[in-house]
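Good morning, and thank you for coming. Please look at the sequence and the structure on the screen while I go through a few selected places.

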Amino acid sequence: MGSPISLGIDLGTSELKAVLLDESGTVLAHTGVRLTISRPQAGWSEQNPEDWWQACLAGLHQLRQQQPDAYARVRCIGLSGQMHGAVLLDQNDQVLRPAILWDDSRALAQAQLLEREHPDFADITGSLPMAGLTAPKLLWLREHEPQVFGQISCVLSPKDYLRLRLTGERISDVSDAAGTLWLDVRRRDWFEPMLQATGLELRQMPRLVEGSAAVADLCAGAASQLALQAPVLVAGGGGDNPVSAVGIGAIEAGQAFVTLGTSAAVVAITDHVAGNPASAVHSFCHALPQRWYTMGAMLAGASCLRWVTQLLGQVNEQALLQLAQERVPLSQPIPAATPLFLPYLAGERTPHNDPLLRGGFMNLAYETTPAMLGYAVLEGVGFGLLDAMAAVQSAGAEVSTCSLVGGGARSNYWAQLLSNILDREICTLSGSELSACIGAAKLGFLAYGRGRDLPGLGMPVKARFVPVAGQQEMLQERYRKFRGLFAAAHALHG
């Protein structure tokens, strides 16, 4: 039979990734399948859950082709995924409509209503009501799609829909459930008053487990489709940020990391609930028992770089990064004429909680170059992360040396700029782009009764970046101007 293998699946917004992990924590194979987002109206963001399942089938087929022997030894599966999405099922587990995603802003009025009517709930749920979280979306549906709302038998998070297809069971874990606004994050259980406030009942929620719990076996139909040999155990898993933390070994209070993917965040691990709802700081359950994390979240991260690359007609993001590195070197003072960029392309969470906020460039001139615009975008995202870090620290969480994970971590130039802006040592890690998959696979092993030491196993440090002292004064002045632009941006939709 050979030693067991854990399959880790991460359902991202733009890509489904999967890995085969052995008991030593070594990745034997990995794959990715691209996903598309539908935006039928301004501010809307949806995906068809069937597309997730088809991507899962395709990705696992690729893994089987790469490593047939290891694939045949898969004995456990862990799941990770994008948080805050609403997958609506009828009594026969059929999907009622496309899933509404985390970056969808249609439920702004409903979020504001929840905040006005239930101001004390934020301390219990770990967050202010925000349009991107799950609960306000259901209020929107009750008002705008009552026929759909009336058929809802269960609401699942995105990765839990994959579990449904894998096992036939309606189950979620506490870390993903914390992002719905329906969870009492201290008790790690459903908070019925918030469910009632959104017109739902406890019976419409999935069963809750911890991320490392053994929850169900792969059903016969899925085993056949995936060419896996039963029995295969499926773990609780978790939301993408907490599972990424498990992937990089950030499981103890005081550890922190910056994630720089489609969105971006500063995440600090805690041993207690440590939130600051007034500053739009989340305090959510970690994917491991008796742990939590405090997070300052940005709605647009490395996606800003993708956007400006396309806007400028550059070949790819790497080409624009190279241009910025050559023309705006970090070893020299940034020219005063360099534009400032507000990274609010999809609104903002921390600290502004404003999904209608929009981004922009300021200080453009005839001499502005593509390299300057590229630099400004990298800097603007960094300034947004500085806002988020200050908010996280205001909640009492500790942020010292930070690991950098996500697609943005591939750029040494950006990593050095972030170190300068955040005034922290930044470490990039080998394999961090797979951190959520690896974390999911680690949770799979825990559920299987193996790999007790795997969660604390970190990733090899690829590079360390320390702040360049000579840059601090100039960056602080540019940050002050960046902050000063917020009122004008807000007034555009005020």
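Let us begin with Arg-291, which is found in the loop between S18 and S19. Please keep in mind throughout that the model shown here is a predicted one. Is Arg-291 buried, partly exposed or exposed? With a relative accessibility of 22%, Arg-291 counts as partly exposed.

Which residues does Arg-291 touch, once those up to four places away in sequence are set aside? The list consists of Arg-188, Ile-251, Glu-252, Thr-270, Cys-285 and His-286. Take Thr-270 from that list: it is 21 residues from Arg-291 in sequence, and the two C-alpha atoms are 6.3 Å apart in space.

Glu-252 forms a salt bridge with Arg-291, and the closest N and O atoms of the pair are 3.7 Å apart. Glu-252 sits in the loop between helix H11 (240-248) and strand S16 (256-260), while Arg-291 sits in the loop between strand S18 (282-285) and strand S19 (292-298), so this pair ties together parts that are 39 residues apart in sequence. Glu-252 is partly exposed, and its relative accessible area is 43%.

**Further salt bridges**

How many salt bridges does a search of the whole structure find? The search gives 23 salt bridges.

One example is the salt bridge of Asp-93 with Arg-170, in which the closest N and O atoms are 2.8 Å apart. Asp-93 belongs to the loop between strand S6 (87-89) and strand S7 (99-100), and Arg-170 to the loop between H7 and strand S9 (171-173), so the pair ties together parts that are 77 residues apart in sequence. Asp-93 is partly exposed, at a relative accessible area of 25%. Arg-170 also counts as partly exposed, at 24% relative accessibility.

A further example joins the side chains of Asp-176 and Lys-159, at 2.9 Å from N to O. Asp-176 is in helix H8 (residues 174-177) and Lys-159 is in helix H7, so here the linked parts are 17 residues apart in sequence. Are Asp-176 and Lys-159 buried or exposed? Both are buried.

Salt bridges can also be linked into a network, as they are for Glu-46, Arg-97, Asp-104, Arg-106 and Glu-145.

Why can H7 be described as largely enclosed by the rest of the structure? The reason is that 9 of its 10 residues are buried. Among these buried residues are Pro-158, Asp-160, Tyr-161, Leu-162 and Arg-163. Just after H7 comes Gly-168, which takes a positive phi of about 80°.

H7 has a partner in helix H1. The axes of H1 (residues 49-66) and H7 (residues 158-167) come within 10 Å and cross at roughly 65°. The crossing is right-handed. On the H1 side, the meeting residues are Pro-49, Glu-50, Trp-52, Trp-53 and Cys-56; on the H7 side, they are Pro-158, Tyr-161, Leu-162, Arg-165 and Leu-166. Of the residues in this contact, 8 are nonpolar, none is polar and 2 are charged.

Ala-302 lies in helix H12 (residues 302-311). At 8% relative accessibility, Ala-302 counts as buried. Leaving aside neighbours within four places in sequence, the contacts of Ala-302 are Leu-260, Gly-261, Thr-262, Ser-263, Gly-408 and Trp-414. Gly-408 is 106 residues away from Ala-302 along the chain, yet their C-alpha atoms are separated by 5.7 Å.

Finally, where does Asn-276 lie? Asn-276 is in the loop between strand S17 (264-270) and S18. Asn-276 is buried, with a relative accessible area of 17%, because the cut-off for buried is under 20%. Not counting residues up to four places away in sequence, Asn-276 touches Val-281, Ala-391, Ser-394 and Ala-395.

Thank you for your attention.

Technical notes:
Residues are numbered from 1 along each chain as its sequence is written. This is a predicted model: local features need pLDDT of at least 70, side-chain atom pairs count only at pLDDT 80 or more; totals for chains, interfaces and linings use all residues. Side-chain values use heavy atoms; hydrogens and water are left out. Axes are lines fitted to C-alpha atoms, for helices over the stretch in contact, and angles run from 0 to 180 degrees between N-to-C directions. Helices (H or I, at least four residues) and strands (E, at least two) are DSSP runs, numbered from the N terminus. A crossing is left-handed if the near helix is turned anticlockwise from the far one by less than a right angle, and right-handed if clockwise. Contact means heavy atoms within 4.5 Å. Ala, Val, Leu, Ile, Met, Phe, Trp, Tyr, Cys and Pro count as nonpolar, Asp, Glu, Lys and Arg as charged, and the others, Gly among them, as polar. A salt bridge is a side-chain nitrogen of Lys or Arg within 4 Å of a carboxyl oxygen of Asp or Glu. Buried means under 20% relative accessible area, exposed over 50%, partly exposed in between (1.4 Å probe, protein chains only).
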